[in-house]
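Colleague: I am new to reading models like this one. Please take me through it feature by feature.

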Amino acid sequence: MSAIEDAETVAQVSQLDAVVVEEHVSAWRKFFAEIAGSTKGLSGFVLLVLVLLVAILSDVIMPQDHTEQIIANRFLPPVFAGGEWAHFLGCDNLGRDIFSRVILSTQTSVAIGFLVVLIAMTIGSALGAISGYFGGFADTAIMRLADFQLSIPFILLAIIFMAIFGPGFWSLVVALSVAIWVNYARLVRGETLRLRELEFVQAARSIGVRDAAIIVKHILPNVFPSMVVMATLDVAWVIIFEAALSFLGLGIQPPMPSWGVMISDGRNYLFESEWMTLGPALGILITSVAINLFGDFLRDTYDPKQARL
Amino acid sequence: MLSFLIRRLLYAAVVIVCVIFFVSIIIKFIPGDPVDVMAAGNPGITEEDKQRLREQLGLTRPVHEQFVVYIWGALQGDLGQSIRFRVPTAQLVLERLPATLELTILSMVVAVLIAIPLGIVTALRQGSAIDYGGTVIAILGVSIPSFLLGILFILVFAVDLFWLPSSGRGEFLPYAVWHALLNLDFDIFWKSFKFIILPTVALALSVTAWNARLTRSAMLDVIRQDYIQFAKAKGLPDRVVYLRHAFRNAMIPSITIIGLQLGYLLGGTFVIENVFAWPGVGRLAVQAVFWRDYPLIQAIVVMIGGMFVLINIVIDIIYREVDPRIRYVGD
């Protein structure tokens, strides 16, 4: 059965089925049918699963010790340029295996990407819901704060944070979270304003459901699809900015491995050993292409109205 | 119009004061003070010298007083002295500002000039090979970090091909254009232009991709509207329908987002300046963080932030002119 037929059958089945559990299962089946039916979705999904597996299992699949410096291996070229298979992406200026470092950096980047988006999404959607649901002073205060922040370019915020806390993993997480919470606050506020007036929310209110319960049970689930789309694309943005800041020396600090730092090291040897930049470059590229493909697919499928950021 | 302008300018003033306030408060939280930073390289300095320096710099006064003094100074164009260079920070930033501005603005212009036609063509040929190619370029464009693209360009066009310089900067581009026109000498222009090509293209790609997608989806929305169908039905040629009727409305989302994109581009400029050794504010900012030159960081944030707020007012005004619907709602 082709993917599209499958999706149609599943859709019909889920219409007929009233049982909640089965509806849940068919929603997942429908989701995978959608993925299988789209080139963007499928390629993005496969790459993304690959990247996530590498990030989770990096300690296991890393072929060499990422900190071990072997003098004989300094500037060892990759295998296609006359190197050896044991270090197939070559070695860096300190004789460390580049492939292992690229793999471990995946963990760093993915961790930062997810952590930042999770924090920003939690804080942003909470503030957005409060702002939209209650209105009044809270709304004014939160939205003024958002406006204020949007009127300052992100890079300036990042520089302030790095100057104060000193560059590092947690300063980076804070700076990037501060940069994107506004996206979620605005999204959730807008939707809350709309949903608040709808009958099912009015009904819940009239039978005396508490405000917090209305927000959590009735409003947030309705915003969730748009939020997931935004979050997916934001993970790619965070990973790219993490790399850029680390490249400038304002992000992850060695010895913690990071693509940005590796590229910054490699830049000093661009003329003789360009493979030092090749490995980390491929790492960033594969990861962000994977997330962007998948995020694009999610948006096309579940939230076609959302403008691309 | 006037009341709108006054309101926006007042708002801008409030934002700038808030920025100054925010930055000064936060800098107060840093352990140690500028004097400790200054003294770091001088083992001979005594506690008394430090105390004298603190008094000279006004650091012994209460915080709110320091803040008022800073704001008062800022109004007169004095944003304090750089610890590293011992010259006014405003002067340091102003010296570097043209380099950053020319790079950011040229990239924005290039991005818009390429993105809008690309967006329109891919929308009108939806589902064709061109559209497919556009999608691939767009995904790659938003996925490649600009600094990586910059390094790739250096590798190809500077190291391998020797076509373009990998670092440095020529004369301020508008001056170079002016001088070249005065002397009718293309070389004068090229001497400056060749430095800016690689950084500009590296910087512009992601914004081009973003804008092209935006224009494409706006155009797709617009051409489904009744008035476009009507224009077609009354027999207007496609060219007129698309370029006169559809195009203007399809541009609105791109213009709205230009302010946001400029902020994003500025971030890219700060990074790209460090790739191409471009002597702009971005390099200065990164160096200032390493030197812990807090007055300089503060000046950079206040000046660039302030400039950004003013640019956004200009964009608002343009936006109101292009789309009259906004004007009536706004007033």
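Modeller: Start with contact: two residues are in contact if their C-beta atoms, placed from the backbone, lie within 7 Å. The model is predicted: local features need pLDDT of at least 70, side-chain atom pairs count only at pLDDT 80 or more, and totals for chains, interfaces and linings use all residues. Residues are numbered from 1 along each chain as its sequence is written, while chains are lettered from A and ligands numbered from 1 in the order in which they are written.

Colleague: What elements make up chain A?

Modeller: Helices (H or I, at least four residues) and strands (E, at least two) are DSSP runs, numbered from the N terminus. Chain A has 11 helices and zero strands. Of its contacts with a separation of 6 or more, 68% join residues 24 or more positions apart.

Colleague: Which residues of H13(B) are buried?

Modeller: A residue is buried if 20 or more other C-beta atoms lie within 10 Å of its own, exposed if 12 or fewer, and partly exposed in between; C-beta atoms are placed from the backbone. In H13(B) the buried ones are B:Val281, B:Gly282, B:Leu284, B:Ala285, B:Val286, B:Ala288 and B:Val289. They pack against helix H6 (154–165) and helix H9 (211–248) of chain A, and against helix H5 (89–124), H12 and H14 of chain B. After H13(B) comes B:Arg292, with a positive phi near 55°.

Colleague: How do I describe two packed helices?

Modeller: Use the angle between their axes and the distance between the axes. Axes are lines fitted to C-alpha atoms, for helices over the stretch in contact, and angles run from 0 to 180 degrees between N-to-C directions. The axes of H5(B) and H14(B) come within 9 Å and cross at roughly 55°. H5(B) is therefore oblique to H14(B) (under 35 degrees is roughly parallel, over 145 roughly antiparallel, 65 to 115 roughly perpendicular, the rest oblique).

Colleague: Which residues of H5(B) and H14(B) make the contact?

Modeller: H5(B) uses B:Thr89, B:Ala90, B:Leu92 and B:Val93, and H14(B) uses B:Pro295, B:Leu296, B:Ala299, B:Ile300 and B:Met303. The residues of this contact divide into eight nonpolar, one polar and no charged.

Technical notes. Nonpolar A, V, L, I, M, F, W, Y, C, P; charged D, E, K, R; others polar.
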